[in-house]
Each structure stands twice: as structure tokens, then as C-alpha cells.
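Work through the exercises below with the sequence and the 3D structure open. Try each task before reading its solution.

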Amino acid sequence: MQQQKYPLTWQKENFFIKIFCSIPNIATGILIKAGENYFVVDPGDGILRDLNSEIGTNKILGISDLFVTHGHHDHVGGVWSLLTYLRVMHKQTPLSIHFPKGCVEIESIYNAFRKVYSKTLPYEIILKEINKPKSFKSKNITIKPFPVIHKEYLHDGITTRQVPSLGYKFTFGKLKICYGGDTAYCEELVNHAKDSDLAIIEAGHDEETPDDMHMTLKEAKSIGETAKEYFLVHVPE
Ligand SMILES: [Zn+2]
Ligand SMILES: [Zn+2]
């Protein structure tokens, strides 16, 4: 399957996913629906607008979990507005934010948000730092986080460092969706994508030579093809 126009949607039985967009350096935004429960993955810029037109206020208020793969702005740019909207609209139920250990962006957004709004917050925010790739449940889905390889350049434009980064495998009943987030080719993703009902694989590297930040189209396809169906995302436009 080739790169497609956004949004991308997929559904099997009562398991539904909509990728509003996944554009490197701009924004990502993903909604999962399992039965009657809604979950959000990588709330980049524009997520509130997209959620509002897709499911409306009441269902947005019912969202129980945000899953963040890593702290780059194109994956977390919508967190502040989403948290604020939930406050303004009087969300009553807790919101868990799952993120990789060491992701200072989420910690900083949360701390700043608490500083501004802690006295007027009608709902509880539960930060769930992920340290170990252990499965856990939320509502009616099982989530298996797994480490991936994603680096970023330092100021000199030459030196790189590893960014705390995860992929997630979401299981609802017998159906499995694997989302790798931003990653170079890595065994963890190869293993988790294999035999998934849907694999969402980034192909963010715009050259033929592999590197340790993103995957080439060829690498991404080779992983995607081991799943029953796949989407290629995060392809440079
Ligand atoms: Zn990205
Ligand atoms: Zn990234």
C-alpha cells in the first residue's frame, strides 16, 4: 500500500482507527475507537479541531487515555489545547497520558499546565511514564509499548542523540494494530508489526540510504508487508 491522502481510516468489526494526518515536522493525530471507547495517539497540532469534527464535545470528554510515542512537536503539539479544552468543557473523568520515560516535553507541558490551572481543574490528569515494555490494559484494550530507535540532531547539525521513543501495539479482542511512531528500522518494530491486522509504519526518510532517525520507503514497506494490512505514514511531502 502506498502513501495516501489523509485522513486514513481502517476498521474491522468494532475496532476503528483514523489517522487525521501524519506529516513529518508538521503534525500527527490519531483516533482509536474500540467498541464505545475512544483513545488518542500522538496529539499533534490540530488534534482538537479534528476530534471536534469527528466525534464532538461529549465524546471528547470521555477520552480516557493519550498515548504519546515521543516528544517531538509534530507528535505533542496539540496536548496543551486538548488539556485546556477538557478543563473548559468540565471533563469529570480522569485522563491518563502514557509517554516514554525521559520525555521532558510531556513532563514540561504537564508542569506548566498544572501551574496555570491546578486550582480550577475539574478532572484528574494521570501521568503514566513508561519505563519497561510491559503490557497493560485500559478500558477494553490491551496496550504493549515497545522501544524504537529515533534520533535527533544537536545544535551542530552533526551529532545525534537518541530520543526517548516508543511504538505501541493495541489489541482489542483478537484484532491488533501496531503503530511504530517515528523510528529507524529496528527489530522491535519488525517483531510487533508481523501478523498485526494493521501496521502503521513511518517512511520519514527522504533518501535511499538508511539512517537512524527514520525509515526509507523500502524499509517501511518491507515491515508493512509482514502485517495483514498496512499504512505508510510520515512520508515527507
Ligand atoms: Zn515525527
Ligand atoms: Zn520524531
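**Exercise 1. The zinc ion (ligand 2)**

Task: Find the protein donors of the zinc ion (ligand 2), and decide how its site is classed.

Solution.
Step 1. Four protein atoms lie 2.2 to 2.4 Å from the zinc ion (ligand 2): His70 (NE2), His72 (ND1), His150 (NE2) and Asp182 (OD). Donors are N, O and S atoms within 2.8 Å of the metal (3.2 Å for Na, K and Ca); water is not among the atoms, so sites may look incomplete.
Step 2. This is a predicted model, in which local features need pLDDT of at least 70 and side-chain atom pairs pLDDT 80 or more, while totals for chains, interfaces and linings use all residues. Residues are numbered from 1 along each chain as its sequence is written, chains are lettered from A and ligands numbered from 1 in the order in which they are written, and side-chain values use heavy atoms, with hydrogens and water left out.
Step 3. The angles among the four donor atoms run from 91 to 168°, and the site is irregular. Four donors count as tetrahedral if all angles lie between 85 and 135 degrees; four count as square planar and six as octahedral if opposite donors are over 155 degrees apart and all others between 65 and 115; anything else is irregular.
Step 4. Along the sequence, the donor residues are spaced H-x1-H-x77-H-x31-D. His70 sits in the loop between strand S5 (65-67) and helix H3 (73-76), and His150 in the loop between strand S9 (141-147) and strand S10 (151-153), 80 residues apart. Helices (H or I, at least four residues) and strands (E, at least two) are DSSP runs, numbered from the N terminus.
Step 5. His70 and His150 are buried. Buried means under 20% relative accessible area, exposed over 50%, partly exposed in between (1.4 Å probe, protein chains only).

**Exercise 2. The zinc ion (ligand 1)**

Task: Which residues coordinate the zinc ion (ligand 1), and which residue bridges the two zinc ions?

Solution.
Step 1. The zinc ion (ligand 1) is coordinated at 2.2 Å by Asp74 (OD), His75 (NE2), Asp182 (OD) and His234 (NE2).
Step 2. Its site is irregular, with angles of 90 to 162° among the four donor atoms.
Step 3. The spacing of the donors along the chain is D-H-x106-D-x51-H. His75 lies in helix H3 and His234 in the segment after strand S15 (230-233), so the pair ties together parts that are 159 residues apart in sequence.
Step 4. Asp182 is the bridge between the zinc ion (ligand 1) and the zinc ion (ligand 2), which lie 3.4 Å apart.

**Exercise 3. Backbone angles**

Task: Is Glu13 buried or exposed, and is His234 buried or exposed? Give the phi of Glu13 and of His234.

Solution.
Step 1. Most residues other than glycine have a negative phi, and most peptide bonds are trans.
Step 2. Glu13, in the loop between strand S1 and strand S2 (15-23), has a positive phi near 50°. Its relative accessibility is 67%, so Glu13 counts as exposed.
Step 3. His234 has a positive phi near 60°. Its relative accessibility is 1%, so His234 counts as buried.
Step 4. The peptide bond from Tyr6 to Pro7 is cis, with omega near 0°. Pro7 is in the segment before strand S1 (8-12).

**Exercise 4. The surroundings of strand S13**

Task: How many bridges join strand S12 to S13, and in which sense do S13 and S14 pair?

Solution.
Step 1. Strand S12 (residues 166-172) and S13 run antiparallel and are joined by five bridges. Two strands pair if DSSP finds at least two bridges between them. Lys169 has Cys178 in S13 as its bridge partner.
Step 2. Two residues lie between the strands of this hairpin, and Gly173 takes a positive phi near 60°.
Step 3. S13 and strand S14 (residues 198-202) pair in the parallel sense over three bridges. Ile177 stands opposite Leu198 in S14.
Step 4. Strand S13 (residues 175-179) is mostly covered, with four of its five residues buried.
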